[in-house]
Amino acid sequence: MEPLLRWAAELGVSDSPLPSSPSAAAAPSSSSPSSCIGRSLVVADFPDAGGRGLAAARDLRRGELVLRVPRAALFTSDRVMTDDLRIAACIGVHRPHLTSVQILIVCLLAEVGKGRNSIWYPYLSQLPSYYTILATFNDFEVEALQVDDAIWVAQKANSSIKSDWEDATPLMKELEFKPKLLMFKSWLWAFATVSSRTLHIAWDEAGCLCPVGDLFNYAAPDDTSFEEEDIAEVERLTDGGYEDSNAYCLYARKKYKKGDQVLLGYGTYTNLELLEHYGFLLNDNPNEKTFIQLDVDICSIGTWPIDSLFIHPNGHPSFALLCALRLWSTPTHRRKAVSHQIYSGSMLSTENEMEIMKWLISKCKRTLQQLPTTVEYDESLLLFLHKIQNSTNCRTDLKQSGFDQDFAVFLRFHRLELDCSDNSILPLHILRSLERWELAVQWRCNYKKTLKKCISYSESLAHDLLLQLNQQ
Ligand SMILES: C[S@@+](CC[C@H](N)C(=O)[O-])C[C@H]1O[C@@H](n2cnc3c(N)ncnc32)[C@H](O)[C@@H]1O
């Protein structure tokens, strides 16, 4: 990490507030030219929240500038092409048939191919060696998602990246990439790097790679994290962006105590989207949306977009889903008469609301029954998967777990014998597959928990409605 921080300092990356800021004068001069950070941020490990990340080196105020990355340090395709005219010439010929993301990936792989001769080497050598985005899931791991929609998203992600790779291969051959860099595996690695680490810039849809700035881990944007009393007009409400000062500027979105992890809000993603683009998910994601299979007549009944028809993490149906169900459960000849009431979000009648709750209960129960495993099973499997990844004696741990059958299927998929030798540590590719399997189980388990919450919520509401009916 030190070579990266030194290299970044030479390029002007800095976590020091601008000299005009009063706190700059007051802050101790702890950073040295050998590192671009140390005054506001330090690199730290957060095993339960993203692994390597950035911690506050001192108490940070909300809205404070915490990192400036000048344009000279941003990895963009135009920068690579300005520095390497051969790459620029080849890309120029193929550009009309390629997207900006494909071009950035080719530029990234071209620089990786230069090894130590690349001016980006200190940065490239600190990039993760593997990723867990959905497109990297093998068939076993995709199957473990269990829910058709999620399986479809994973398969589509993989096939679309494969097709991008095929389209860009003639260009990479023209650039005389080494055989290893021409492989789909390398393309997938570069795609995942771009997907999970780029920041938005106005002049390139693919975004930019931002050395050191891409060490911030993610927290779901959640308005409740804002402390009203801290809001001053001059303070920033965004995480950051490319500014007139020709630098990417990143700000603290809230107050941090020294040692806290400083987090960025990458956007409002559901867990499936987080998994698809970033390769992780949050058990407590305020932006999670749980979709259930809805008949066409429900989906098309009103003007609500299909992606607004979902269940919230607390089990409540979304406003649009509730409205759509109210309309759908109204006899056709009465729909026009009640549409004003429906669109304003009002309940139509106790009977109508009861019917909807009963429908939700039965729909969620049927969905859960059709899935091959229960929440309880998934929870124990998660404990086992966690344990086995850290195991120094997998045979014993396996025997005690009760998951030997599942593990046998997993190993058979990888063409490995079940008979792990005594105190063997599992091979690296198996450990990585276990990590992705765990993510798939975590995703489906959260999905099922939300359906169970929806059942409880609907049952309790139906119970209250029944009491109201009886009192009438
Ligand atoms: C921009 S990088 C952040 C730095 C990264 N941890 C590293 O070591 O380079 C984004 C990646 O960090 C990980 N990550 C970020 N936030 C996370 C979180 N809250 N939980 C788990 N992983 C997270 C994911 O792998 C994600 O794709």
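This is a predicted model: local features need pLDDT of at least 70, side-chain atom pairs count only at pLDDT 80 or more; totals for chains, interfaces and linings use all residues.
Me: How many helices and strands are in the protein chain?
Reply: The protein chain has 19 helices and nine strands. Helices (H or I, at least four residues) and strands (E, at least two) are DSSP runs, numbered from the N terminus.

Me: What does the C-alpha trace span?
Reply: About 80 × 65 × 50 Å along the principal axes of the protein chain.

Me: And which domains is the chain divided into?
Reply: Domain 1 (2-74 + 211-278), domain 2 (77-209) and domain 3 (289-472). The bounds come from an automatic or database domain assignment.

Me: What separates the centres of domain 2 and domain 3?
Reply: 33 Å, taken over C-alpha atoms.

Me: Switching to the ligand. Which residues come nearest?
Reply: Gly50, Arg52, Ser196, Asn217 and Tyr218, out of 16 residues around the ligand. Near means that the C-beta atom, placed from the backbone, lies within 6 Å.

Me: Which elements give two or more residues to that shell?
Reply: Strand S2 (51-56), helix H10 (184-197) and strand S6 (217-218). S2 gives the largest share, three residues. Domain 1 and domain 2 each give at least three residues to the shell.

Me: What does S2 pair with?
Reply: Strand S1 (residues 41-46) runs antiparallel to S2, with six bridges joining them. Two strands pair if DSSP finds at least two bridges between them. Phe46 has Gly51 in S2 as its bridge partner. S1 and S2 form a hairpin with four residues between them, and Gly50 in the turn has a positive phi of about 105°.

Me: Is strand S3 buried or exposed?
Reply: S3 (residues 65-70) is mostly covered, with five of its six residues buried. Buried means 20 or more other C-beta atoms within 10 Å of a residue's own, exposed means 12 or fewer, and partly exposed is in between; C-beta atoms are placed from the backbone. Strand S8 (residues 247-251) runs antiparallel to S3, joined by five bridges.

Me: Which residues in the largest nonpolar core touch the most other members?
Reply: Ile105, Val106 and Val262, in a core of 123 residues. A nonpolar core is a set of buried Ala, Val, Leu, Ile, Met, Phe, Trp, Tyr and Cys residues joined through C-beta atoms within 7 Å. Helix H19 (residues 428-471) gives the largest share, 11 residues.

Me: Where does His463 lie?
Reply: In helix H19.

Me: Why does His463 count as exposed?
Reply: Because 11 other C-beta atoms lie within 10 Å of His463.

Terms used
Residues are numbered from 1 along each chain as its sequence is written.
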